[in-house]
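Take a moment with the sequence and the model before reading on. The paragraphs after it go through the structure piece by piece.

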Amino acid sequence: MQVHVRDGKAVDITPQPYPDPDLEQVCQRGLAHIQRIYDPRRLKYPMRRVGERGSGEWERISWDEAIDEICEKWKGYQKEFGDRSIVFFPGSGNLRADASGTGYANRLINYMGACFMNNGYDNNAMFTIGAMMGNDLCFLGNDWRDLRNANNIFIWGTNITESAGVRWHWLKDAMEAGAHTVVIDPNFTTVAGKADEYVSVRPGSDGLLAIAMMQIIVDEGLVDFETLVSATCAPYLVGEDGKYLRVVSEQSEKGASSGDILVMDSLEGAVPLNQASSPMLEGTFEVDGVSATTAYSLLLDRIKEWDISDIVERCGISEEKIRELALRYADGPTTIMTGYGPDHYVNGITFYANICALAMVSGNIQKPGTGISGASIGSLGAVGSNVAAITTPADAKGMFTIYSPYFPELMETGLYGDQEMDVKSLYLWVHNPLGNQPERQAWLRAFEKVEFIVLADVYMTESAKYADIVLPVPHYFEVESFQGGNTYIRVNEAAVEPPYECKSDFDIINLLGQGMGFKDEFGMSLNDFCTAAFENATAKTYGLTWERVKREKMVKAFPDGYYVHGQNGFKTTTGKAQFYIENVKPQPDLGGEWDQAREALPYWEPPREAWYENELFKTYPLVFTTERAKFKVHTQFTYVPELLELDPEPYVKMSSQDASDRGVSTGDVVRIHNDRGYVVCKAVVSAGTRPGVVVMDHGWQDEQFIEGHYNDLSSVASHKRFPSGCWFDGLVEIEKIG
């Protein structure tokens with residue numbers, strides 16, 4: 001964006017011109033930042049709570065008082081209760097660029113030996129795809145622009161026109177070029193109205209649908225065996241212990257290296273893949289007295305565990321339509337455009353694992369127009385900056401990572417797995433957990449057990465109301481930093497001066513670091529930090545320096561052409577796209593039962609709660625979900641006046657069938673409730689909402705509901721393998737109250 005300034009005030013925003021006009025983009029949220037900068041809810045100076053938490057009673061204090069009090073308490077807590085009694089907890093909020101503190105805080109956490117809390121956002125998707133396909137230049141997927149090379153696009157698990165409207169034009173270009181588009185979603189979305197096909201799937205059954213499509217592709221002889229052999233783990237031999245068979249040192253010969261994974265060659269026997277002339281994809285074999293089966297055979301056995309008639313009933317899609325989808329998908333090149341909708345069920349990993357396997361089996365990887373893409377999954381990045389070298393110094397103690405879905409239980413029991421922990425203080429930044437974490441009531445109880453909460457933010461959020469000290473930080477238009485995106489490293493200039501007594505996140509971390517006794521380690525300036533971030537080999541390849549970025553405003557730091565994920569190999573543990581994951585363990589491993597054989601391969605299980613076969617369904621027969629809105633990014637744009645003109649209040653959408661059963665009409669006030677909590681809002685009867693599902697738009701804060709809060713309805717329950725926020729895995733009932 002370009003920010004236009006007059007008399008020291010930001011007065012207008014226009015799109016930033018790019019050398020490549022294809023990359024120019026700004027949305028209505030971005031254009032609304034002027035009203036965010038001058039929002040009366042902005043925090044103006046440090047404050048200390050004087051009343052009960054949540055009462056809104058504060059006293060103004062100086063920055064010296066605030067830093068001294070924080071550091072005095074932290075030193076005392078760490079001395080009495082250990083380094084890990086302090087927990088730093090960032091979110092995914094207004095990431096005020098790499099250098100302005102969102103990443104720099106890690107330096108302080110490492111020196112203090114404190115805890116870092118992973119926020120649990122979208123981990124089902126990110127960790128699962130990362131394990132199977134690797135993380136590369138466009139995060140987990142193909143360059144968005146590569147959509148133009150697809151013959152078919154499956155828009156599955158994302159509401160693109162709402163969640164990433166600035167990228168819609170690339171999908172539109174693909175549509176206009178003739179790509180056949182299929183939307184798979186429980187509800188009829190805006191993009192479904194533009195697609196060639198819309199398929200309504202039962203919430204939480206998406207992974208099972210992917211299994212059915214694999215079955216049909218296998219049965220119809222549409223498997224891409226060449227891609228399976230060359231690019232995936234398919235021919236690798238797996239022993240009965242669940243591990244890949246490898247060359248051991250005494251067997252090394254003919255150029256084989258110790259640790260090379262073995263395949264069964266029809267002529268040579270068990271050899272490393274690079275020595276096989278005719279590797280076998282199926283079968284079980286004896287290798288030096290050990291029974292081993294190809295990974296592909298294990299996959300075939302796994303997907304045969306479900307009968308197609310059972311899949312039809314559970315997904316709510318006819319066998320004929322599933323067959324059409326499978327044949328269409330196999331007739332590539334086909335891209336799956338996904339997002340984080342399926343992520344928000346406890347069984348979310350089954351969706352992402354299964355679509356990755358589907359892409360591998362059909363050969364829809366490593367080629368233009370194939371693979372996985374999505375709202376951020378295929379985001380265009382830029383390379384060359386390395387802040388980790390600064391924020392993870394070798395002489396520091398190091399941080400201990402915990403995961404947010406486990407935090408309420410940790411505060412209740414004092415245990416993280418079998419480890420005793422006594423958390424005394426939380427430091428929050430770029431985060432509004434009470435507005436965004438699932439099962440808000442559990443988080444409120446956890447907050448009450450934390451003695452000392454510090455929050456740095458631009459605004460008085462609902463989480464800030466429960467802090468003990470709040471610290472005012474600038475809006476990112478008011479600080480200098482840099483960002484990487486859309487293939488360019490870009491300077492983020494300070495368009496206007498920070499108002500009031502705001503201090504940048506970077507400066508706050510320096511003050512806290514010095515206050516904790518690390519005076520030499522926290523004396524660098526922001527300019528020093530930015531300069532050091534570009535002192536690496538990749539930056540030199542692109543001629544990147546901080547001085548050049550400041551001078552030229554944006555410098556391209558990305559390979560030419562459309563990036564295709566995996567085109568230079570996959571950054572996984574095997575170097576291949578892998579549907580079989582060796583040595584699967586929970587992250588983190590907190591003990592308890594664990595079925596490693598099941599977790600190693602794609603599988604499916606129903607959602608934890610939001611499922612029609614659940615006994616609770618008799619009491620609460622509606623699946624509660626939220627959807628992305630055009631007017632918010634989580635809770636960041638909650639109070640922008642011009643956006644509230646377009647979307648003034650929360651409401652719940654429900655099907656005409658569900659509304660009729662409950663005597664509800666559009667405009668009625670309803671109470672949505674379950675055993676965890678309730679929310680009161682108006683209802684909208686929607687023909688696009690699937691019966692049995694209710695939907696609210698996402699991004700509201702506590703005082704905007706008539707009563708209650710929509711995050712009181714969700715559950716903190718999570719999958720053991722990758723703890724993730726599972727907002728949709730809950731059942732509710734609705735009653736009309738006015």
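What follows is a short tour of some helices and strands. Keep in mind that this is a predicted model.

Start with helix H4, residues 123-133. The buried residues are Asn 123, Asn 124, Ala 125, Thr 128, Ile 129, Gly 130, Met 132 and Met 133. Buried here means under 20% relative accessible area. What covers these residues? The cover includes strand S6 (115-118), helix H12 and strand S17 (400-403). Just past the end of H4 comes Gly 134. Gly 134 takes a positive phi of about 85°.

H12, one of the elements covering H4, spans residues 348-362. How do the two helices lie against each other? Their axes come within 8 Å and cross at roughly 30°. Angles under 35 degrees count as roughly parallel. H4 and H12 are therefore roughly parallel to each other. Their crossing is right-handed. On the H4 side, the contact uses Asn 124, Ala 125, Thr 128, Ile 129, Met 132 and Met 133. On the H12 side, these residues meet Gly 348, Ile 349, Tyr 352, Ala 353, Cys 356, Ala 357 and Met 360. Sorted by class, the contact of H4 with H12 has 10 nonpolar residues, three polar ones and no charged ones.

Helix H7 covers residues 206-219, and helix H11 covers residues 319-330. Their axes come within 9 Å. They cross at roughly 70°. An angle of 65 to 115 degrees counts as roughly perpendicular. That makes H7 roughly perpendicular to H11. H7 passes H11 in a right-handed crossing. From H7, the contact takes in Leu 209, Ala 212, Met 213, Ile 216 and Ile 217. From H11 come Ile 322, Arg 323, Leu 325, Ala 326, Leu 327, Tyr 329 and Ala 330. By class, the contact of H7 with H11 has 11 nonpolar residues, no polar ones and one charged one.

Next, the strands. Strand S14 runs over residues 290-294. Four of its five residues are buried, so S14 is largely enclosed by the rest of the structure. Which strands pair with S14? Strand S10 (residues 237-239) is one partner, joined to S14 by three bridges. S10 and S14 run antiparallel. Here Leu 237 stands opposite Thr 294 in S14. Strand S13 (residues 284-287) also pairs with S14, in the antiparallel sense and over four bridges. In this pairing, Phe 285 has Ala 292 of S14 as its bridge partner.

S13 and S14 form a hairpin with two residues between them. Asp 288 sits in the turn and has a positive phi of about 50°. Gly 289 also lies in the loop between S13 and S14. Is Gly 289 buried or exposed? With a relative accessible area of 67%, Gly 289 is exposed, as the cut-off for exposed is over 50%. Gly 289 and Phe 225 are 64 residues apart along the chain. Their C-alpha atoms are separated by 28 Å.

Three strands form it, in the order S23-S24-S25, with antiparallel pairing. Which strands are at the edges? They are S23 (481-485) and S25 (554-556), and each pairs on one side only. From one strand to the next, the twist averages 20°. S23 pairs with strand S24 (residues 488-492) over five bridges, in the antiparallel sense. Within that pairing, Gly 484 stands opposite Ile 489 of S24.

The last stop is strand S27, residues 651-654. Four bridges join S27 to strand S29 (residues 678-685), and these two strands run parallel. Met 654 has Val 685 in S29 as its bridge partner. S27 is also joined to strand S30 (residues 693-697), here by three bridges. S27 and S30 run antiparallel. In S30, Met 696 is the bridge partner of Val 652.

Definitions and conventions. Residues are numbered from 1 along each chain as its sequence is written. This is a predicted model: local features need pLDDT of at least 70, side-chain atom pairs count only at pLDDT 80 or more; totals for chains, interfaces and linings use all residues. Side-chain values use heavy atoms; hydrogens and water are left out. Two strands pair if DSSP finds at least two bridges between them. Axes are lines fitted to C-alpha atoms, for helices over the stretch in contact, and angles run from 0 to 180 degrees between N-to-C directions. Angles under 35 degrees count as roughly parallel, over 145 as roughly antiparallel, 65 to 115 as roughly perpendicular and the rest as oblique. A crossing is left-handed if the near helix is turned anticlockwise from the far one by less than a right angle, and right-handed if clockwise. Contact means heavy atoms within 4.5 Å. Ala, Val, Leu, Ile, Met, Phe, Trp, Tyr, Cys and Pro count as nonpolar, Asp, Glu, Lys and Arg as charged, and the others, Gly among them, as polar. Buried means under 20% relative accessible area, exposed over 50%, partly exposed in between (1.4 Å probe, protein chains only).
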